[in-house]
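This report looks at how two parts of one chain meet. Please view the sequence and the structure first.

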Amino acid sequence: MKLYGAPMPAPNPRRVRIFLAEKGIDLPETPVDMRKREHKSADFRAKNSMGQLPALELDDGTCISETVAICRYFEETHPEPPLFGRTAVEKALVDQWIRRVEFAVMMPVGNFWRHAHPYTAALLTQFKDFGESNKETYQGAQKYLDRELDGREFLVGDSYTMADICLLSTVDFAEWIGLPVEDEFANLKAWRERVKARPSADA
């Protein structure tokens, strides 16, 4: 079995590393050099036709891509501790929050990264006004999260789950590209301090 990924600050490979750390699974990451565009090579596209990281290649040659799909595989093969919820309600809420994080939080962060950051200017055509407009959208997402985290330890009650992993990797990447968590959002900042204190956050 091989897990193909890339080091920080790439947020998606980090999601899987955090998940594996929480599960206590020792699976070394096989690095793919994104700066050299190795993830777009014909050899790698044979494993993941989207040319994206991470990707998990099983012993029988089956390749799984997309972070949540990879982590669900490990949830099934290593069910403890559960990171997608225990009960039907918890599992539904974890899925709900993963979707909200990806659409309401990661989308504006990704749009800012693609269209307003100087590093990506050399890689693709940017629409800078659109990119900059996503700062306000991301601030709105922070305000929403701050309200939702009032009185909660984690996104889904008192259990650390894949939803928290998705959010942590997103807000950390956002800070790296120049979109920090605003000081006024005390609940969100406190949540981030709690989850960053977990040993898995260093993965």
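## Two domains

The centres of domain 1 and domain 2, taken over C-alpha atoms, are 21 Å apart. Domain 1 covers 2–77 and domain 2 covers 88–197; such bounds come from an automatic or database domain assignment.

This is a predicted model, in which local features need pLDDT of at least 70 and side-chain atom pairs count only at pLDDT 80 or more, while totals for chains, interfaces and linings use all residues. Residues are numbered from 1 along each chain as its sequence is written, and side-chain values use heavy atoms, with hydrogens and water left out.

## Contact and buried area

In domain 1, 12 residues are in contact with 16 residues of domain 2 (contact means heavy atoms within 4.5 Å). About 1300 Å² is buried between the two domains, and carbon and sulfur atoms give 65% of this area. Buried area is the accessible area (1.4 Å probe) that two parts lose on being put together, summed over both. On the side of domain 1, P9, P11 and R15 lose the most area to domain 2, together 41% of what that side buries.

## Charged pairs and helices

Between domain 1 and domain 2 there are 3 salt bridges (a side-chain nitrogen of Lys or Arg within 4 Å of a carboxyl oxygen of Asp or Glu). A salt bridge also joins the side chains of R14 and D172, with 2.8 Å from N to O.

Helices are DSSP runs (H or I, at least four residues), numbered from the N terminus. The largest share of that side, 6 residues, comes from α1.

Notes
Helices (H or I, at least four residues) and strands (E, at least two) are DSSP runs, numbered from the N terminus.
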